[in-house]
Amino acid sequence: MTADPGTPPSSFTRRRALLGLAAFSLGACRKQTPPPAADGLRWKDLSFPADEQRALVLAPPSARPLPVLVALHGRGESGRGLEVGAFAWRDDYGLDRIDRRLSAPPLTGVDLEGFFRSERLAQMNDSLAKHPYEGLVVACPYTPVVADRSEKGAAPFGRFVTDVLLPRVRTEAKASSDRAATGIDGVSMGGRLALFVGFAFPEIFGAVGALQPALKPDEAPVFAKLARAAMDRQPFALRLVSSDQDPFLPAVRALSAALADVKVPHQLVVTPGPHDYAWNRGPGGAEMLLWHERVLRGWPAP
């Protein structure tokens, strides 16, 4: 299943540019405002000294256990320390803002930083109208640079996520422990790692996603083979998201084609936008939160 309509018409491009300027201005204002502290109500700051790890966890108050999403950041924050990496989804990617906007629909083009197509925005708002957004627990660990870019190289981080991070997050945030209510996703380098970890542990994750994953086209058959083997062990929901100015878009499309060749069900969404922070704050975060919240609750995804 795809949502990749190609290049928008010129009138749409002009409209998107105007909205993009408005969104840029709002984003600049937000950047001058210090991020909120991890106040223990919505955000929890977790340290893991034995593993040299740290994670910031979005844990909205809820009367019942919420689904859990592990969200991995990109390469840009990995060399700047545990705190910068762990706090990236909140402080650099604006996750708190988009989470609150999903709770108060309808979404607008400005919410998506100007990077949207009208049809896709309507699909998202239609989904929110049918099932109001109830939120997720989002665990945002520091995402390391793995020198060995293979499945084997990702394995130690995967074991930290499954054996250390998730159990503690579920305890601290009183979140769901069901496999069907547990997902993993990430952007760029984090998207690549999310695929490796998700495919290695299909018994842990009911949903696996990747935003603009840092892949090469010739790696597509390798990832498709891993996905097929994981799906044979235990089926899960799978989605790839990219954008029309993402340098990894050819590789993402190659992976989608390779997945189709080995009959792995998945969704491909391609939005407008570049490979940068503005896209993460707009379509990236919104698509990630909305899709996982729908899928992990057993609801139809837009």
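## The protein as a whole

The secondary structure of this protein comes to 11 helices and 9 strands; helices (H or I, at least four residues) and strands (E, at least two) are DSSP runs, numbered from the N terminus. The model is predicted, so local features need pLDDT of at least 70 and side-chain atom pairs count only at pLDDT 80 or more, while totals for chains, interfaces and linings use all residues. Residues are numbered from 1 along each chain as its sequence is written, and side-chain values use heavy atoms, with hydrogens and water left out.

Of the 302 residues, 56% count as buried. Buried means under 20% relative accessible area, exposed means over 50%, and partly exposed is in between (1.4 Å probe, protein chains only). Contact means heavy atoms within 4.5 Å; among contacts with a separation of 6 or more, 77% join residues 24 or more positions apart.

## A strand on the inside

Let's look at strand S4 (residues 68-72). Here 5 of the 5 residues are buried, so the strand is largely enclosed by the rest of the structure. In a regular strand the side chains alternate between the two faces of the sheet. In S4, Val68, Val70 and Leu72 lie on one side and Leu69 and Ala71 on the other, and both faces are covered.

Which strands pair with S4? Strands count as paired if DSSP finds at least two bridges between them. S4 runs parallel to S5 (residues 137-141), with 3 bridges, and also parallel to S6 (residues 182-186), with 5 bridges. Val70 stands opposite Ala139 in S5 and opposite Ile184 in S6.

## A helix with two faces

Next comes helix H6 (residues 118-130). Its buried residues are Arg120, Leu121, Met124, Asn125, Ser127 and Leu128. Seen down the helix axis, they fall within an arc of 155°, so they line one face of H6; the arc is that of the directions from the helix axis to the C-beta atoms.

Their cover includes helices H5 (95-102) and H11 (277-296), along with strands S8 (237-243) and S9 (267-271). On the face turned away from the buried side sit the exposed residues Glu119, Ala129 and Lys130.

## Two nonpolar cores

A nonpolar core is a set of buried Ala, Val, Leu, Ile, Met, Phe, Trp, Tyr and Cys residues joined through side-chain atoms within 4.5 Å. The largest one has 52 residues, of which Leu165, Leu195, Phe199, Phe205 and Leu255 touch the most other members. A second, separate core of 36 residues includes Trp43, Ala86, Leu107 and Val295.
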